[in-house]
Amino acid sequence: MTGTAAPFAADDYRARMERAARSAAEAGLAGLLVAPGPDLVWLTGYAPTAVTERLTLLVLAPGQDPVLVVPTLEAPDAAKAAGASALTLRDWTDGKDPYAATAALLDAGGRFGISDNAWAMHLLGLQKALPGTSYASLTDALPMLRAVKDTAELELLAAAGAAADATFEEIRKVAFGGRRESEVAADLAGLLRRFGHSQVDFTIVASGPNGANPHHEVGDRVIERGDMVVLDFGGLKDGYGSDTSRTVHVGEPIDEERRVHDLVRAAQEAGFRAVRPGVPCQEVDRAARAVIADAGYGEYFIHRTGHGIGVTTHEPPYMIEGEEQPLVPGMCFSVEPGVYVPGRFGVRIEDIVTVTEDGGRRLNDTTREMVIVD
């Protein structure tokens, strides 16, 4: 996990922690317990260089100053974090009980939100120290904690999207036919880094029948002339995510391949057009899915239409049936319908979209028309 870059300063992190504590109180929680991971980076700017069995935990509670419980040997690094001046560091040394030190900060009978990625041994240690406490995962308790981005975050997401777009513009120039999927995937990773990504999370290159698997693991299949190839790639640039998908064709496509690609492009446009403040997330999914279902390919659209993005490439909100969370200006998420014909080919087209005051704005601008590659 990388930390976020400028323009975030201590005051930005202080405001985030205050907002998180207020949100916890509004959700009926006594506070939040945040372990190393994306939530801790977003709230404090601190990302330990190594996550070990030693307890590191941010404690946020309404009416209390934020406290970061940290091992003594890691305290110097924690003190250098951009948000460190907005909180109190409380270190503990090897041989001492970190759970007792943390328990002194908590309501002994409270219910707390805790990071989804907190280690089980740490949660169990807290429960043993304070048997009257109870816990809920942050995703369940505060799913929208990081969902609405401020202006600076939107700028970073737009820059990450532009870097992914530049990657696609370059990858479409390389040879596909006769090369292994793994070779093209390596090209994608190198291009993402060339255009400023510090972390590459995925480079899916799914050719021919492999395209029917949305999360195909890149392998040694040799890409052939006549293959449809799904490209899905992204990662982190300056601490914020990119994620885009385009489907290219090696040589001229047959009529059905072109027809399905046009269908997915129309579905993606319908999903994008459904984006506006106040609309439930599920309506984005419904709009895209209806286009594909009406054309007779509904059984081949086998995943949700989108997911949130920010300091991670997958986070709430999710564009899926049953998600009634209204869209709010500043939310960012993917719109990525697909059709996957088993044993033959797949098509996916994906943009990151942000909600504006009166609609939506794409953060990816490469062509959504079918691209022919060599």
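Biologist: By class, how many nonpolar, polar and charged residues does the lining of the second largest cavity have?

Modeller: This is a predicted model, and by class the lining of the second largest cavity has four nonpolar, three polar and three charged residues. The space in this cavity is about 30 Å³, and the residues that line it are Phe168, Arg246, Thr247, Val248, His261, Ile349, Thr367, Arg368, Glu369 and Val371. Strand 10, residues 244–250, gives the most to this lining, with three residues.

A search of the whole structure for cavities of 30 Å³ or more finds two. The largest cavity holds about 110 Å³ of space and has 15 lining residues, with Pro36, Val51, Arg54, Thr56 and His122 nearest its centre. By class, nine residues of that lining are nonpolar, four are polar and two are charged.

The lining of the largest pocket is made up, by class, of four nonpolar, eight polar and seven charged residues.

The second largest pocket has about 260 Å³ of space; of the 17 residues that line this pocket, Asp39, Thr139, Arg146, Glu315 and Pro316 are the closest to its centre. Helix 2 (38–44), helix 6 (138–141) and strand 12 (315–319) are the elements that give two or more residues to this lining, with the largest share, three residues, coming from strand 12. Here the classes are nine nonpolar, four polar and four charged residues.

An α-helix has 3.6 residues a turn, so residues three or four places apart point the same way. Helix 10 itself, residues 281–294, has 14 residues and reaches 21 Å from its first C-alpha to its last, close to the 20 Å expected at 1.5 Å a residue, and glycine 296, which follows helix 10, has a positive phi, near 90°.

In soluble globular proteins, nonpolar side chains tend to be buried together. The largest nonpolar core here has 35 residues, and those with the most contacts inside it are Leu32, Leu43 and Leu58. Helix 2 is one of the elements that give two or more residues to this core, along with helix 1 (10–26), strand 1 (31–34), strand 2 (57–60), strand 3 (67–71), helix 3 (75–79) and helix 7 (151–171). Leaving aside neighbours within four places in sequence, leucine 32 is in contact with Ala20, Ala24, Leu58, Val59, Leu60, Phe112, Gly113, Leu138 and Leu142.

Technical notes: Residues numbered from 1 in each chain as written. Predicted model: local features only at pLDDT ≥ 70, side-chain atom pairs only at ≥ 80, totals over all residues. Heavy atoms only, no water. Nonpolar A, V, L, I, M, F, W, Y, C, P; charged D, E, K, R; others polar. 1 Å grid on protein atoms, 1.4 Å probe; cavity = no way out; pocket = protein on both sides within 12 Å on 5 of 7 lines; lining within 4 Å. Points joined across faces, edges and corners; volume = space filled by probe spheres on them. Helix = DSSP H or I, 4+ residues; strand = E, 2+ residues; numbered from the N terminus. Expected span 1.5 Å × (residues − 1). Core = buried A, V, L, I, M, F, W, Y, C linked by side-chain atoms within 4.5 Å. Buried < 20%, exposed > 50% of the residue type's maximum accessible area, 1.4 Å probe, protein only. Contact = heavy atoms within 4.5 Å.
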